Amino acid sequence: TMAGGTIVGVGFHVFSSMFTTGDYDGDGRWDLTGIDGKGDMRVYTTLPTGALWGTGQRIGWGWAFRQVSSSGDATKDGRSDVLALTYDGRILGYPVLGAGKWGGTVNTGTGFGAFRLIL
């Protein structure tokens, strides 16, 4: 069983998806990424205490998907990539190139309309 826990931030109820793609800012600590109701992608950097810093940096927009997550490094380049589940059941892959840049969108699957969550 799990017990305890530490509050690292508040106000995250506005996000439809939350995940990590690893160390966004290069400080050696994993950071937290969220998609809000407007489709904005925001990254929150992690402080040495484990708390999240500030109100998050907007790093993308137009992420209007049923769910967004990061399942790891699909492209085998050392960076965790992003998956998005569309409302019509497609899963799209977004390779993370680093420094806030993305590779081309890859259609990785169809027929996932019955699913609400992808990992």
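Which residues is Ser80 in contact with, leaving aside its neighbours within four places in sequence? I looked this up in a predicted model.

**Entry 1: Ser80.** I placed Ser80 in the loop between E5 and strand E6 (81-85). Leaving aside its neighbours within four places in sequence, I found Ser80 in contact with Thr21, Ser70, Gly72, Asp73 and Val96. I then looked up its accessibility. Ser80 has 15% relative accessibility, so I noted it as buried, the cut-off being under 20%.

**Entry 2: the sheet with E5.** I followed E5 into its sheet, where 4 strands are arranged in the order E5-E6-E7-E10. This sheet is open and its pairing is antiparallel. Strand E5 (67-72) and strand E10 (106-109) are at the edges; each has a single partner strand, so one side of each lacks a neighbour in the sheet. For the pair E7 (residues 91-94) and E10, I noted 3 bridges, with the strands running antiparallel. Within this pairing I looked up Leu92, whose bridge partner in E10 is Asn107.

**Entry 3: the sheet with E1.** I also looked up an open sheet of 4 strands in the order E1-E2-E3-E4, with antiparallel pairing. Its edges are strand E1 (15-19) and strand E4 (57-60); because each has a single partner strand, one side of each is left without a neighbour in the sheet. Here the neighbouring strands are turned by 30 degrees against each other on average, direction ignored. E1 pairs with strand E2 (residues 32-36) over 4 bridges in the antiparallel sense. Ser17 stands opposite Ile35 in E2.

Terms used
Residues numbered from 1 in each chain as written. Predicted model: local features only at pLDDT ≥ 70, side-chain atom pairs only at ≥ 80, totals over all residues. Heavy atoms only, no water. Pairing = 2+ DSSP bridges. Helix = DSSP H or I, 4+ residues; strand = E, 2+ residues; numbered from the N terminus. Buried < 20%, exposed > 50% of the residue type's maximum accessible area, 1.4 Å probe, protein only. Contact = heavy atoms within 4.5 Å. Axes fitted to C-alpha atoms, helices over the stretch in contact; angles between N-to-C directions.
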